Protein chains: 2
Amino acid sequence: MFASLRCTCTLQANTVHWLTVVRSHEQVRVSRSISSSPEPGAEWSSNGGLRGAHGAATSLRLPSSTAILTSGGGGRRRRRWGAAAAASRVSTCSAAGRGTVVIGLAADSGCGKSTFMRRLTSVLGGEAVAPRGGNPDSNTLISDAATVVCLDDYHSLDRTGRKEKGVTALHPRANDFDLMYRQVKAIKEGRAVEKPIYNHATGLLDRPELITPPKILVLEGLHPMYDERVRGLLDFSIYLDVSNEVKFAWKIQRDMAERGHSLESIKASIEARKPDFDAYIDPQKQHADAVIEVLPTRLIPDDDDDDDDEGKVQRVKLIMKEGVKHFAPAYLFDEGSTISWIPCGRKLSCSYPGIKFAYFPDTYFGREVSVLEMDGKFDKLDEVIYVESHLRNLSTKYYREVTQQMLKHADFPGSNNGTGLFQTIVGLKIRDLYEQIVADRAASPALAAVA
Amino acid sequence: MFASLRCTCTLQANTVHWLTVVRSHEQVRVSRSISSSPEPGAEWSSNGGLRGAHGAATSLRLPSSTAILTSGGGGRRRRRWGAAAAASRVSTCSAAGRGTVVIGLAADSGCGKSTFMRRLTSVLGGEAVAPRGGNPDSNTLISDAATVVCLDDYHSLDRTGRKEKGVTALHPRANDFDLMYRQVKAIKEGRAVEKPIYNHATGLLDRPELITPPKILVLEGLHPMYDERVRGLLDFSIYLDVSNEVKFAWKIQRDMAERGHSLESIKASIEARKPDFDAYIDPQKQHADAVIEVLPTRLIPDDDDDDDDEGKVQRVKLIMKEGVKHFAPAYLFDEGSTISWIPCGRKLSCSYPGIKFAYFPDTYFGREVSVLEMDGKFDKLDEVIYVESHLRNLSTKYYREVTQQMLKHADFPGSNNGTGLFQTIVGLKIRDLYEQIVADRAASPALAAVA
């Protein structure tokens, strides 16, 4: 997927595999130097990404230049390590000597972070999978180009600890920002780390897992932009801003319909989180380079009887900061102007309540931004191509790439509306940003050494 | 200006000049066959149009195939012939054997017909001038490609006659539709006519002038689409629909500021015309292929103190009928959709109250139409290129043609707003329509014979 990359991947049990891959636009050359027995599961994936089979019991030898920064967490963390007895170690492809590009994705729980991550890793190349052979409750996702780390792993208090102290997981006191900073910095500098695991099933802190520097490290969770030091390490940051109305509708959908929770308990849970959410999570959006905002539709009048439709239709805004290095905001028709566009008409027929796009310049927390907005939903995913062909600066590599991505993941939530569309576009933008940074570093080796 | 045309032009005193011109995209070949002494004033104009010097006293010999249909008006017409003692005869370039393309332009007086005509003839090639050497009060305009006839010339009653009968010039009874039909039909069939002249200075009917078949005949006036038979002869029709508010502001501007009329007399004149206008002029717009509608701006709130601005800013709509042969409506960004566009922003800065465009499908008197709308005015004519580059289907022949036309006639009323812009676009559309008709006839000689 990338114009030029050098990928060094460490794999499994007592074996170090070196795969050196140099890709030009059209050619792929793969040279392997295997120190002992070959890794049977290692394969070159069909879409050009590198896929390593992560064995069941891993005892990993890293390249000599790779140091490991272990978690220096307190006693409670260690005491509460759960069921995964063996130290879980995962490895991933790293852009050796190029430095890891770090992306932050902030959102409340239940706002679609994991769907976004699946879209992002798909755009970056290859499937995102849980670390094979590690802790089955690991929150980490590995794909060919990216490692996605869930920041819940940096909880300094487990579930019992939070109850004892009377703080929610959203409170900074429940999170270890010092460790988060040190480990992200280490990865960015090319060093592997032993990252803790927060076990969502047990509410305990499990034994750490090894994270080696990937090409792209995505930090997804509640606080990627909360701590100034961590924020300073981010090459790009995104905030998923789901309005209370929509969040409530989604929670009902998920927790009531799928998990059998009562409406009251869902309301109570949202209310309980709200003060900390407003104090510590929401303010991060002012630092984001891109915000995906999900709001109730404006296409259906308030007095419309059919409330069902209203819950199913969203107005989604992609708010893109201007002047961010390596990030050129996407636009509709004419850059920098103000446009509203109802594509439904003679060429595209839409069912009620239709589709409406907008594009306009705005300010967001005092910063100049460009906003793309989509209200409504696609009747058929084929219609995405109609929209895609009128959007500019999408950073696609081929015709219909956005549409193809949407079709590929048609079963993901939001595939028929602006959340899926804008998540896909942000994914393309991150790929583009990564490639620009790599190209910059290749052009200035001094920069690469620093990064 | 035209991709392919065959132009036969009859010129001056006792001489017939034949200029046969066959133009391909790049080449111009001119062959002259002169029967006696050459016409010193005849020249090939720089822009490729044919310009004939119309001598002072014309006694014209037409090609043998050209018959002359004289006006068969009644006694009053003949009795009231005014000062122009000699029979005025004008001639113009004709597309021999190809048939004349006939365009109708309807509007009330004071609605910008003459400005539109100057824009149109400029787009068609060459300057539009009064017939040289004819009646100095002739209403006809001659340009290289087009002859513009004012339908006031078909008044059956002169000013005194109208007073005697108590009818306005807008009433069908004051106009000779039989003659209008016969003469337009004759021209369309390739025959010259002796068209009456209504003298606006004296209010009398002057001696007829000769009109030979031009490539394009434009019928401008109050009633080009009133009579069903005349309407049936039109290849394309336009209605200039100026709202009462704007019409009133324009009349004040012209009749009060420039002609010293009182506000009361202007109001009275408008009121007096209104019943006949509503009964006989306004309904023609339902037959028009294109309507240019001029409305008060919506950019300035009603309660804005600065009324001056409001008078100077208009919202102009170009309503284009769908499904008209040889006429593909212009559009903004995406054909068939609904768009609003404020070009003012990061790339284009506009002074108050800015500029707003719209494009949308609509119905107009039960017919499907596409509408382009411009509210506001250009601060600088350079800005037109910014707009032009986002409009599609303009039928321009080269980059910036719309902008160049607007700049060329910057002193014309409406050059800084939608009236000038849409008049220019309609001009381009008429040129395109003409070329398509000529091409069709060239491809089907049988059609040409009928036309």
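Biologist: What is the relative accessible area of Arg191(B)?

Modeller: This is a predicted model, where local features need pLDDT of at least 70, side-chain atom pairs count only at pLDDT 80 or more, and totals for chains, interfaces and linings use all residues. Residues are numbered from 1 along each chain as its sequence is written, chains are lettered from A and ligands numbered from 1 in the order written, and side-chain values use heavy atoms, leaving out hydrogens and water. Buried means under 20% relative accessible area, exposed over 50%, and partly exposed in between (1.4 Å probe, protein chains only). Arg191(B) falls in the partly exposed class, with a value of 28%.

Biologist: Which residue does Arg191(B) form a salt bridge with?

Modeller: A salt bridge here is a side-chain nitrogen of Lys or Arg within 4 Å of a carboxyl oxygen of Asp or Glu. For Arg191(B), the closest N and O atoms are 2.4 Å apart, and the partner is Glu189(B).

Biologist: How many residues apart are Asp241(B) and Lys285(B)?

Modeller: These two form a salt bridge, with the closest N and O atoms 3.0 Å apart. Asp241(B) sits in strand E15, Lys285(B) in the loop between helix H7 and strand E16 of chain B; helices (H or I, at least four residues) and strands (E, at least two) are DSSP runs, numbered from the N terminus. Asp241(B) is buried at 9%, and Lys285(B) is buried at 12%.

Biologist: How many salt bridges does the structure hold?

Modeller: One of them joins Asp278(A) and Lys274(A) at 2.8 Å. Over all chains, the total is 36.
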